[in-house]
Amino acid sequence: MQATQLSVSDLNNPGVSWGAVLAGAAAAAALSFILLILGVGLGLSSVSPWSFNATAIGVSTIAWLAFMQLAASGIGGYMAGRLRVKWSSIHTDEVHFRDTAHGLLAWAVATLITVAVLAGGTRAVLSGAIDAGSGVAAAVSPVAAAGAAGAKQGEGGGANPLDYFSDMLLRAAPAAGTPAPTTAGVTLADQRVEIGKIFATGLSKGNLAADDRAYLGQVVASRTGLTQAEAEARVDAVYARAAKAAADAKAAAQQAAETARKAGAHTALWMFVALLLGAFVASLAATFGGRQRDHERVLRHVTI
């Protein structure tokens, strides 16, 4: 086996030409960003740096992502191979390996640059399911939302989400024919806040406590002129509607989270395939660029 002889210049030159790698990476990152904006503008890509659409990407988006990686990684890898330093007295296999490594490094740096620039878009695409899942927590725990809203209302803040059901409870009886009685010293707003808290507690536990039901019946009876039995029947009916509304909101939030999760997984899978394709193309293009650079150097020596 014949040993390879190294010249003094080979010992001084490093195995990686970082200048060529960074130049190729910058070109690849810039071209990738331009193609991304073009794809969004043409409607070929649902991957936007500024928004997230919780739908699985289509064939056109997949094709555009693959084209982006082919074009950007190919240019970046070719530049990294063409601009690297000349390695004289190095075995051909070693030169081929170094060119491949230069293309892979250019692709890796370009990918990191692109992720850093489009950090907001990357998060929107890959963690949409996490954001959508926060709606499930709000739906599962209505006592927190309703209790906070009730506290804000008591302090002069925003309205309680359960005000609709509170108003339903305090409607006057249609056939009463007389003005609804009032409770001395207690305003309607105070009662609405109290009813909202009672309903929120009942919804969080899954049922309305017997003492709370009896108390609400008394409040409704004093406001509407209904009998205690009629008032408690109205409490039961309105609470059932409130529980159904909370269950529907929870189901809708869970469905939205599941849709976002599937879309995020589908998008991440095809982005992985596109990036893997880009890594291969960048490495291959770097070997072409390196060969052309060495061939050009030999032709110049022969011409001279």
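Helices α3 (59–82) and α4 (92–117) are among the elements that cover the buried residues of α2. The model is predicted. Those buried residues of α2 are A20, V21, G24, A25, A28, A29, S32, L35, L36 and G39. An α-helix has 3.6 residues a turn, so residues three or four places apart point the same way.

The geometry of α2 can be checked. The helix runs over residues 18–42, which is 25 residues. At 1.5 Å a residue, α2 should span 36 Å. Its end C-alpha atoms are 36 Å apart, so the model agrees with the expectation. After α2 comes G43. The phi of G43 is positive, near 80°.

Now take α4, one of the covering helices. This helix has 26 residues. From its first C-alpha to its last, α4 reaches 38 Å, close to the 38 Å expected at 1.5 Å a residue. The helix has its own buried residues: V95, R98, D99, H102, G103, A106, V109, A110 and T111. The list includes R98, D99 and H102 as well as V95 and A106.

Two of these α4 residues, D99 and G103, lead on to S283, which touches D99, T100, G103 and L104, leaving aside residues up to four places away in sequence. S283 sits in helix α11, residues 228–303. Why does S283 count as buried? Its relative accessible area is 10%, and the cut-off for buried is under 20%.

Conventions:
Residues are numbered from 1 along each chain as its sequence is written. This is a predicted model: local features need pLDDT of at least 70, side-chain atom pairs count only at pLDDT 80 or more; totals for chains, interfaces and linings use all residues. Side-chain values use heavy atoms; hydrogens and water are left out. Helices (H or I, at least four residues) and strands (E, at least two) are DSSP runs, numbered from the N terminus. Buried means under 20% relative accessible area, exposed over 50%, partly exposed in between (1.4 Å probe, protein chains only). Contact means heavy atoms within 4.5 Å. The expected span of a helix is 1.5 Å times one less than its number of residues.
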